[in-house]
Structure formats: C-alpha cells, structure tokens
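Welcome! Have a look at the structure, then try each task before you read on.

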Amino acid sequence: MNVKRRGAVTVLALAVAFGFQAGPAQAAYDGPQDLPEPTAEQLAKSVVSWDPSSSVRTWSMDKAVSPVEQVQTKAGETTISLSTDILFTPDSSKLPVTAAARITSLVDKIPQGTRVRVLGHTDSVKGEVDNKKLSKDRAEAVAAVLEGERSDLSLDVKGMAATEPAVREDPKDPSSLAANRRVEIIYRK
C-alpha cells in the first residue's frame with residue numbers, strides 16, 4: 001500500500017474513532033434578519049391549540065364551607081353546637097370579634113329568662129393547654145358574649161374537657177377529633 005493511501009486510511013480511521021462526522025457547513029448568522037424563513041411544517045409544530053372547555057373547572061361551594069353551628073332539638077331541649085375549630089385557634093379561648101354577632105343571632109329566639117347551659121368540650125389529645133382549662137375558658141368566652149347581649153338568660157357554664165365526646169374518636173380520622181371540639185349552648189323551651 002502506498003504512503004498516500006495509508007495516510008488517508010489513517011486519517012479516516014482517526015475521524016471515525018473520534019466521532020467526527022462530516023456534514024454541511026453551518027452558516028454564520030449575524031442576527032435574526034439573517035435567519036431563513038421557517039417552513040410550513042416548522043410553523044405548524046410551533047403552534048399550540050388550546051381548548052378552554054377542557055381546562056376550565058367549575059367549583060361547587062357545597063361542603064366547601066362548614067357552618068359554625070349545628071342545631072338539634074330533641075324532647076324539648078335544644079342544643080346549639082358551635083365548632084371550636086372555626087371559632088378558636090388551636091389551644092386558644094379568645095373569640096374573634098366577628099364571632100359575637102353570629103353567636104348572638106343563634107340565641108335570639110331563646111325565650112326571656114331561660115336557663116342556659118354553656119358546655120365546653122375538647123378532644124382527648126393533649127395540647128399546650130390543659131383540656132379541662134381550655135374547655136372551661138372556651139365555654140366562658142361564649143358565655144361572656146351571651147351575657148353581654150342577653151343579660152336576661154340564666155347561664156350555667158362548665159368545662160367538660162373530653163368527658164362527653166360527641167363521636168368515638170379515631171386517631172386516623174381527624175374529623176372524629178374535630179367533632180368533639182365544641183361549645184354547646186343548651187336550653188329548654
């Protein structure tokens with residue numbers, strides 16, 4: 001094999017070994033004005049069609065907002081159960097200013113001079129504040145609103161802690177714990 005041919009084979013072997021691939025020379029562009037016009041295929045690939053009907057969602061308020069109270073009347077006794085998760089921050093007995101108007105509206109139909117029990121309840125989970133104290137403080141906070149608006153009512157206020165759960169607690173179900181955290185306003189007509 002002659003020297004020229006052997007040199008050409010060597011160069012070709014080195015090019016293959018280093019992955020060199022000969023291709024068309026790249027054009028140098030100075031700016032956007034030097035770029036070629038896009039093809040119809042390139043334009044079609046760059047356009048994204050959006051159908052809003054498949055991406056717009058309707059949100060229902062049903063079950064999205066929980067009422068602060070549940071009212072139940074049984075055998076002449078009415079119980080207004082206030083969710084403390086809505087009324088109070090955890091381990092707190094301070095009512096927000098807006099709560100007074102709602103609590104007042106819930107008791108406006110109680111007859112004059114009625115004896116009313118206000119009972120605070122907690123779940124069985126120990127928090128930063130003792131549950132007995134927390135339940136009593138929350139009951140007293142609600143009673144203070146009642147007393148301020150309805151001084152004609154005779155109030156009996158107690159903290160029950162976790163002694164009278166509304167539902168059986170399941171540590172795996174947070175809603176069972178929440179159901180037991182409440183302040184009850186109980187009266188007879």
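Please keep in mind that this is a predicted model.

**Exercise 1. Sort the lining of the second largest pocket by residue class, and find where the lining comes from.**

Solution. 
- Step 1: By class, this lining holds four nonpolar, five polar and six charged residues.
- Step 2: The volume of the second largest pocket is about 230 Å³.
- Step 3: There are 15 lining residues, and Pro 90, Asp 91, Asp 123, Arg 138 and Arg 181 are the closest to the centre of the pocket.
- Step 4: The largest share comes from α5, with three residues.

**Exercise 2. Describe the largest pocket in the same way: its volume, its central residues and the elements behind its lining.**

Solution. 
- Step 1: The space in the largest pocket comes to about 550 Å³.
- Step 2: It is lined by 25 residues, and the closest to its centre are Gln 70, Ser 81, Ala 166, Ala 179 and Arg 182.
- Step 3: At least two residues of the lining come from each of β1, β2, β3, α6 and β5. Strand β2 supplies the largest share, five residues.
- Step 4: Sorted by class, the lining of the largest pocket has 10 nonpolar, seven polar and eight charged residues.

**Exercise 3. Which strands pair with β5, and in what sense?**

Solution. 
- Step 1: Start with β2, which pairs with β5 in the antiparallel sense over seven bridges. Within this part of the picture, Ile 80 stands opposite Ile 185 in β5.
- Step 2: Go on to β3, which also pairs with β5 in the antiparallel sense, over six bridges. Here His 121 has Arg 182 in β5 as its bridge partner.
- Step 3: Now check how enclosed β5 (residues 182-188) is. Six of its seven residues are buried, so strand β5 is largely enclosed by the rest of the structure.

**Exercise 4. Find salt bridges that link distant parts of the chain, and say how exposed their partners are.**

Solution. 
- Step 1: The whole structure contains 10 salt bridges.
- Step 2: One of them joins Arg 117 to Glu 77, with the closest N and O atoms 3.1 Å apart. Arg 117 sits in strand β3 (residues 115-121) and Glu 77 in strand β2 (residues 77-83), 40 residues apart.
- Step 3: Arg 117 has a relative accessible area of 26%, so Arg 117 counts as partly exposed. Glu 77, at 25%, is partly exposed too.
- Step 4: Another salt bridge joins Asp 156 to Arg 115, and their closest N and O atoms are 3.3 Å apart. Because Asp 156 lies in strand β4 (residues 154-161) and Arg 115 in strand β3, this pair ties together parts that are 41 residues apart in sequence.
- Step 5: Asp 156 is partly exposed at 23% relative accessibility, whereas Arg 115 is exposed at 53%.

**Exercise 5. Where does the salt bridge between Glu 140 and Lys 136 lie?**

Solution. 
- Step 1: The side chains of Glu 140 and Lys 136 meet at 2.7 Å, N to O.
- Step 2: Both residues belong to helix α5 (residues 131-149), four residues apart, which is about one turn of the helix.
- Step 3: Glu 140 is partly exposed at 37% relative accessibility, and Lys 136 is partly exposed at 36%.

**Exercise 6. What is the phi of Ala 75, and what is the phi of Asp 91?**

Solution. 
- Step 1: Recall that most residues other than glycine have a negative phi.
- Step 2: Ala 75 has a positive phi, near 55°. This residue lies in the loop between β1 (69-74) and β2, and Ala 75 is exposed at 71% relative accessibility.
- Step 3: Asp 91 also has a positive phi, of about 60°. Its place is in the loop between α3 (84-87) and α4 (99-106), and Asp 91 is partly exposed at 29%.

Definitions and conventions
Residues are numbered from 1 along each chain as its sequence is written. This is a predicted model: local features need pLDDT of at least 70, side-chain atom pairs count only at pLDDT 80 or more; totals for chains, interfaces and linings use all residues. Side-chain values use heavy atoms; hydrogens and water are left out. A salt bridge is a side-chain nitrogen of Lys or Arg within 4 Å of a carboxyl oxygen of Asp or Glu. Buried means under 20% relative accessible area, exposed over 50%, partly exposed in between (1.4 Å probe, protein chains only). Two strands pair if DSSP finds at least two bridges between them. On a 1 Å grid over the protein atoms alone, a cavity is a set of points where a 1.4 Å probe fits but cannot get out, and a pocket is an open set with protein on both sides within 12 Å along at least five of seven lines; lining residues have an atom within 4 Å of a point. Grid points are joined across faces, edges and corners, and a volume is the space filled by probe spheres set on the points. Ala, Val, Leu, Ile, Met, Phe, Trp, Tyr, Cys and Pro count as nonpolar, Asp, Glu, Lys and Arg as charged, and the others, Gly among them, as polar.
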